Amino acid sequence: MPDPSNIEIPEQFESERLLIRAPRPGDGPELNAAIRESIAELRPWMPWADHIPTLAETEANMCSAYDRYKAGTDLRLNLYLKGTRTLVGCSGLHDIDWSVPKFDIGYWVRTSYAGQGYITEAVNAITAFAFDQLGAKRVSVCMNPLNVRSRLVAERCGFELEGTIRNHLRDTQGRLRDTRVYSKIRP
C-alpha cells in the first residue's frame, strides 16, 4: 500500500489559464471574498456554505487545509488566474484511499467566473495530476443529481456515470437525497 509520506506531492501545477495550488496560510482574504461573492450559488449544494464565514474562520480553514495537504490526507486546491492572485474557484482530491490509490474530486467556481470553462479546465488538469503524479487508479465525482452544472462538468471531462445511490445523504435542508457517481479509471 502506498504511504503518502513517501510520495512527493507537488504543491502546484498549471493548466492553460490556471495556477492550481495547495492552500497556504495567508490565502484567507481572497477565499473569503470568493465565498462572499458566491454564497447564494454555493448554499444549495455545499453543506459548509450554511453561513458566510468570518475572515478569521476562513484563514483558520486555509491553515488547516494546508496541514492536511502536507500530510497527504486531503488535497484541497485553489484555482488562480495565471499571473494573478485572483481566486476563480476551489477544487481538490478528497476521501483519499492510498491503498488503491483513489480520490474523489470536488469543485466550485466563483460566481463572476462561472460559465467560462475554468472548472472544466481545472477538473481535467487535476484528474491528470491524480493519475500521472499520484498514481491514481480511480478518480470519482459524487454529486447531488439536481446539480446540473456539476453533472455537465463531469460529463464534459469524460467521467462515466456508474450509477445513483438512492437516499444516500441529507441535502442542505436536511432532506434525504440521492448521490450520482461518475468515475474515471486508469486503463
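Modeller: Helices (H or I, at least four residues) and strands (E, at least two) are taken here as DSSP runs and numbered from the N terminus. Residues are numbered from 1 along each chain as its sequence is written, and side-chain values use heavy atoms, with hydrogens and water left out. This is a predicted model, in which local features need pLDDT of at least 70 and side-chain atom pairs count only at pLDDT 80 or more, whereas totals for chains, interfaces and linings use all residues.

Biologist: Is D171 buried or exposed?

Modeller: Burial is read from relative accessible area: under 20% is buried, over 50% is exposed, and partly exposed lies in between, with a 1.4 Å probe and protein chains only. D171 counts as buried because its relative accessibility is 15%.

Biologist: How should I read the length of helix 3, and what is the distance between its end C-alpha atoms?

Modeller: The expected span of a helix is 1.5 Å times one less than its number of residues. Helix 3 (residues 118-134) has 17 residues and should therefore span 24 Å, which agrees with the 22 Å between its end C-alpha atoms. Since 13 of these 17 residues are buried, helix 3 is largely enclosed by the rest of the structure. The residue that follows helix 3 is G135, with a positive phi near 70 degrees.

Biologist: How do helix 1 and helix 2 cross?

Modeller: Axes are lines fitted to C-alpha atoms, for helices over the stretch in contact, and the angles run from 0 to 180 degrees between N-to-C directions. The axes of helix 1 (residues 28-42) and helix 2 (residues 55-71) come within 8 Å and cross at roughly 120 degrees. A crossing is left-handed if the near helix is turned anticlockwise from the far one by less than a right angle, and right-handed if clockwise; helix 1 passes helix 2 in a right-handed crossing.

Biologist: Which residues of helix 1 and helix 2 meet?

Modeller: Contact means heavy atoms within 4.5 Å. On the helix 1 side are G28, P29, L31 and N32, and they meet L55, T58, E59 and M62 of helix 2. By class, this contact has four nonpolar, three polar and one charged residues, where Ala, Val, Leu, Ile, Met, Phe, Trp, Tyr, Cys and Pro count as nonpolar, Asp, Glu, Lys and Arg as charged, and the others, Gly among them, as polar. As background, an α-helix has 3.6 residues a turn, so residues three or four places apart point the same way.

Biologist: How many aromatic pairs does a search of the whole structure find?

Modeller: Rings of Phe, Tyr and Trp (its six-membered ring) pair if their centres lie within 6.5 Å, and planes under 30 degrees apart count as stacked, over 60 as edge-to-face and the rest as tilted. The search of the whole structure finds four such pairs. One of them is F13 with F129, which is stacked because the ring centres are 4.3 Å apart and the planes stand at 15 degrees. F13 lies in strand 1 (residues 12-14) and F129 in helix 3, so this pair ties together parts that are 116 residues apart in sequence; both F13 and F129 are buried. The rings of W48 and W108 form a tilted pair, since their centres are 5.9 Å apart and their planes at 55 degrees. W48 belongs to the loop between helix 1 and helix 2 and W108 to strand 5 (residues 102-109), so the pair ties together parts that are 60 residues apart in sequence. W48, at 40% relative accessibility, counts as partly exposed, whereas W108, at 9%, counts as buried.

Biologist: Which residues does C157 touch, leaving out those up to four places away in sequence?

Modeller: With those sequence neighbours not counted, C157 touches T120, V123, N124 and K184. C157 sits in the loop between helix 4 (148-156) and strand 7, and at 4% relative accessibility it counts as buried. C157 and C63 are 94 residues apart in sequence and 30 Å apart in space, C-alpha to C-alpha.

Biologist: Which backbone angles deserve a look?

Modeller: A cis peptide bond joins V100 and P101, with omega about -15 degrees, and P101 lies in the loop between strand 4 (87-97) and strand 5. D95, a residue other than glycine, has a positive phi near 45 degrees; D95 lies in strand 4 and is exposed, with a relative accessible area of 58%. N167 is not a glycine either, yet its phi is positive at about 45 degrees; N167 is found in strand 7 and is exposed at 53%.
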